[in-house]
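Hi everyone, thanks for coming.

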Amino acid sequence: MADVRAQVVSRVRGLLSEALGATRHRLAAADADLAARRDRLVRMRRAAADVPERVGAARDRRLAEIDARHTARIAELARRAAAAAEREAPGAASAAWDRWRPTPTGRAEIPGAVRVGAVRIPGTEPLPALVPLLDAGHVHLAGSDREGTAAVVPALLLRSLGRADPGSVRLVGYDPEHLGGGLAGFAPLGTAGLLTFVGPGGLGRLLDDLVEQIRRINETVLAGEYASLRELAATTGRRPEPWRVAVLLGGDELSRHERGQLDRVVRTGAACGVHLVVRGIELPDDPTVTRVVVEPDEARIGGLSVTLDPPPPPGLVTETCRETASRVNAGPPPAPFTDLLPPPEDYWRADSAHGLTAPIGEGPHGRPVQLTLGDYPPHALIGGPSGTGKTNLIFAWIGALAARYSPAELEFYLLDFKEGVSFARFAQGRRDPSWLPHMRLVGINVNTDREFGLALLRFLAEELRRRADAAKKHEVTKLAELRAVDPTGHWPRIVAVVDEFQALLAGRDVVAREAADLLEDLARRGRSQGIHLVLASQDVRGIEALWGRPALVAQFTLRIALPKALRILAERNDAAQSLPRHHAVVNAESGLAEGNQVARIPSAGDWETWSELQHRLWRMRPQDASPARLFDGDAIPKLAEAPDFRALTAPEQGVPRSPVALLGEIIDVQARSAALRLPRAPGRNLAVLGTRVDEACAVLDAAARSLARQHRPGTARFSIACLDPDADPAARALYEDLADDAAWYDEETVPELMAEVGDSLGAPGTPNSPHYLLLYAVDAAAGQLAGKAGRRTGLEQLRRILHDGPERRTHVLAWWRGVARMRADLGGPAARTDQIGAWVALDVQGAELGSSLYPGTGGPDWYPRPWRGLYFDRAAHRTGQVIIPYGPPR
């Protein structure tokens, strides 16, 4: 038992010992593991202590990288934003006020944004804060800072004015609280019609007008082809309408109608260039509305905080507006003349059978304004004060027509009653041999030669009669019908232009009366035969010849009024009073307001503009074309250049039966000479009356030279007696040129001439050789005649020569220095003057000529003027002819 116990105890002790050993081993292992873990913990704690520093450094590095990229991105975006702002609001739209100046683009389309302040972003330069306005939208100003909102308005307006061309932005102000004081700096614009104010209570009318403008632009300008004026301008390069900016600065509560109209403007105005700048009136929410809220501590555009710019200096506003108004009042530059011309390949392609149509300029919508002359309207009346461009308009119209219609379709007759030679360019000149092929007559410097205007009207009346006879023969009534039945005939349309036509109708004399009668007949009947009148004048008031002739003026249904023209349009049509330069009102409805069209007239007045066109048309002229007849009232014609003088020839045998003495050039459409026929008939003598030595010598010289041209040498005798020392040089020159056929007499020998010729008239038979007595200042011979043969005998010889000489081929061509002196030599005041068959009056009043020299009572309507004479031949004339004596041959 004890052994068992011992064994058990021993076993137990062994087990306990093993257990203790194992426990101690595990304890040692646990201690070692604990020590290792404690060491690891120490290391982990040490490593954990290092993590925040590394993480912080990495975080800081990462944050620094992000910040750098962010800063660079912001800088890039700021740079792009600044560049975009510069593109959207360049020059005057965003420049600082200290260096601000207008910078118009000259283009139809411009960016519409303007600067009102700056957006400040830390680390970058301030960016412009832009507000879209022109062609973009509307601006609504709100907030408690009234001074701040008031400062935004002039900045918006001045920058918009500075970006657009002068006159292309028009302002309307509605300021019922300050009665326009809020826009006082812009007042100079009103002188050019660029700023108007609407008084209290006028908001409804203003909104109605804006809505009507929008409707008109949509209907007639955009016309379904374009969505907006901006699109039209970008596509075509032109802007037919200005920008209209209505500035509404407060007011009473809007009525229902006003609210509706305001909403319509907000919705549709921007596309039509109608914009609102509003303060104190609520605007509806719309994408086109930009809201600027100004509080004392900040300003916001949308949700963006901005720093507003200071207002522009008042002096800058006023000076800019004054300069803009001045440029607008001066008028825009004219359009190029080439705008009126068709492509070169279309020159002379048009047919004038039914009328003449050509553009005269560009209308407000950018479309050509056409002028038509035909059955309706048949004639045109042009009016405008001096310097407004009448001559330029006439040139432009002539050029547009001449490029479209050939000379076979159109002929021009031009007459200018004012002093100047502007029309001379259409005729052949010394420096430029070209001429406009359509031109048949050009009259310049005819301000003192109203007879030339009358001659033109007579010529046109004769042409009208010729055409009417042809139409009657072919049983037609209109030019188009005549051309159809007579295609081989020459039936072009005729356009007669008379500038300053009131000079032709001035006064109450016979010239004015006949001219008015002819004008009325041509105006009434010319339309059907293709004869069209274009009359131009500075002012048609006070033309007495038109009084009581409403039918005459009524025929001129086409009216063209230049700026400030009076009495051209209808009485209540004052559209011409507000026209800018280089513009005209074209009205084909007799001047009634509903017929108004405004045209911008191109520049066609200078020669360089015309030269290229005229030379091109001249090179296209028909081979048989001849230059236009040029009549210059200031020029003295030459006998050697006269067609009638060149046509004179001497017969191969004998002498001419009825020689012709040429006395001067008739004031007529054709270059004709005043001719005095000297047959063997009583009274075929000539008296030159007046005290002007040079002119009297010129008449006698031309007569003698033209007579000498019709006689072979030795077949005619010329006796030249000069009794005035001042006439001696001219008489001596004639004597030397006539050579052997001439004999010279002076104060001492003239009685011998009288006696010889007078005695020879009593001889039987008729002399074979004509004898021409050229007596210079014959009235001075009275004393010499009395001294040699007794006064009675000497003068009786002269009277006998005058009475009997023509039938024996002896003709007297004498100069008396006055009508009374001639009457004295003929036998006194009661003496008959029928032996003087023809006379030329120089500086002699018409009343002096009396009934004995001129048919009727009181004498002719003749008022002397330099280098002009009145020629009357009893055998050929019913009235006198005004002539221009030929100039000296040397």
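Let me start with Glu319, which is partly exposed at a relative accessible area of 44%; that class sits between buried, under 20% relative accessible area, and exposed, over 50%, using a 1.4 Å probe and protein chains only. Before I go on, this is a predicted model, where local features need pLDDT of at least 70 and side-chain atom pairs count only at pLDDT 80 or more, while totals for chains, interfaces and linings use all residues. Residues are numbered from 1 along each chain as its sequence is written, and side-chain values use heavy atoms, with hydrogens and water left out.

So what does Glu319 form a salt bridge with? The partner is Arg322, with the closest N and O atoms 3.2 Å apart. By salt bridge I mean a side-chain nitrogen of Lys or Arg within 4 Å of a carboxyl oxygen of Asp or Glu. Both residues lie in helix α6 (residues 314–330), about one turn of the helix apart. Helices here are DSSP runs (H or I, at least four residues), as are strands (E, at least two), numbered from the N terminus.

Next, Asp375 and Lys478 meet through their side chains in a salt bridge of 3.5 Å, N to O. Asp375 is in the loop between β12 and β13, and Lys478 is in the loop between α8 and α9, so this pair ties together parts that are 103 residues apart in sequence.

Then there is Glu241, which bridges to Arg216 at 2.8 Å between the closest N and O atoms. Glu241 counts as buried at 6% relative accessibility, whereas Arg216 is partly exposed at 22%. In total, the structure holds 43 salt bridges.

Now the cores. A nonpolar core is a set of buried Ala, Val, Leu, Ile, Met, Phe, Trp, Tyr and Cys residues joined through side-chain atoms within 4.5 Å. The largest has 80 residues, and Leu689, Leu775, Trp816, Trp839 and Leu849 touch the most other members. Helix α8 gives this core its largest share, 8 residues. A second, separate core of 50 residues includes Trp397 and Phe412.

Last stop: which residues lie nearest the centre of the second largest pocket? They are Gln428, Gly429, Arg430, Leu630 and Asp632, out of 31 lining residues. A pocket is an open set of points on a 1 Å grid over the protein atoms alone, where a 1.4 Å probe fits, with protein on both sides within 12 Å along at least five of seven lines; lining residues have an atom within 4 Å of a point. Strand β21 gives the largest share of that lining, 4 residues. Thanks, everyone!
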